[in-house]
Amino acid sequence: MTTNYNDRSVSKVEVTGSEARHYDFFMNVITGGTYPFFIRRSVQEMHIQPEDKILVLGAGTGRNISLMNKYLSEGAHVLGLDIGPEMLEQAQRRFTDHPYVSIENQSIVEPLPYQGEFDKVFISFVLHGFIQEDRLKIIANAQRALRPGGEFIILDYNQFDMEHSPRLVQFIFKMECPLATDFVERDLESILREQGFDKFRTHPHYRGYVRLLAAQKKGEN
Ligand SMILES: C[S@@+](CC[C@H](N)C(=O)[O-])C[C@H]1O[C@@H](n2cnc3c(N)ncnc32)[C@H](O)[C@@H]1O
């Protein structure tokens, strides 16, 4: 059966129930224990500055934000957005009364009120799970929220030819989220260029099936 990549109902991006309650543990297990090293390395590749203002789209349990913390100091601010009740509960518990991290219940597909106020916008393993129309809305939100010269940092599946990749890879991607198959075949750099970004940095992970892609918002710093 072929998947309709414009059908929102096939998305699996809203993590709920016990998968959400044990999400961090689950990620460690399905990556054979490599996730903590991978995510620490990826956060290092964000090139965080001590006073950065960072917007995190689909913050999940707040695990990534807790790793960003060690690069930040007074004057910094991290705002994490999510809509999953179990995810929000874990993230909010993690950062109760934190001096510069806040977590809000906010859909990242709706127009966000932020304009040119963030140095970085980070999104990890979220974008692939939306239909293309919604991905464009999320990218537009990131573009508006960033200051000129700020970076949109996408940690997600890399671009590759799914049809000619090993059957096991095709199977894993179908199981993970049907929309991921559509995502990996799109030219994300060109899409970002059309949405006002340039100066790309790429860091591959997991044999190139995953990458951190950073794109700068065009304009004067
Ligand atoms: C696969 S998880 C990734 C979580 C986190 N970014 C990470 O890397 O650990 C996808 C996340 O996106 C969130 N999400 C799904 N739809 C969303 C939406 N419309 N607005 C905000 N967050 C959303 C889910 O609740 C979940 O926390």
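Here is a short chat about the fold of this predicted model.

User: How many helices and strands are in the protein chain?
Analyst: The protein chain has 9 helices and 7 strands. Keep in mind that this is a predicted model.

User: OK, and why is it called as compact as a globular protein of that length?
Analyst: The radius of gyration is 17 Å, and the globule rule gives 17 Å for 221 residues, so the chain counts as compact as a globular protein of that length. Along its principal axes, the C-alpha trace spans about 50 × 40 × 30 Å.

User: What percentage of the residues count as buried?
Analyst: Of the 221 residues, 34% count as buried.

User: Switching to the sheet. What order do the strands have?
Analyst: The order is β3-β2-β1-β4-β5-β7-β6, in an open sheet of 7 strands with mixed pairing.

User: Which are the edge strands?
Analyst: Those are β3 (101–105) and β6 (197–205), and each pairs on one side only. From one strand to the next, the twist averages 15 degrees.

User: Do tell me about β1 and β4. How many bridges join them, and are they parallel or antiparallel?
Analyst: Strand β1 (residues 53–57) and strand β4 (residues 118–124) run parallel, and 3 bridges join them. In general, strands of a sheet pair through backbone hydrogen bonds.

User: Which residue in β4 does Val-56 stand opposite?
Analyst: Val-56 stands opposite Phe-122 in β4.

How values were computed. Residues numbered from 1 in each chain as written. Predicted model: local features only at pLDDT ≥ 70, side-chain atom pairs only at ≥ 80, totals over all residues. Pairing = 2+ DSSP bridges. Helix = DSSP H or I, 4+ residues; strand = E, 2+ residues; numbered from the N terminus. Axes fitted to C-alpha atoms, helices over the stretch in contact; angles between N-to-C directions. Rg over C-alpha atoms; globule rule 2.2 N^0.38 Å. Buried ≥ 20, exposed ≤ 12 C-beta atoms within 10 Å, placed from the backbone.
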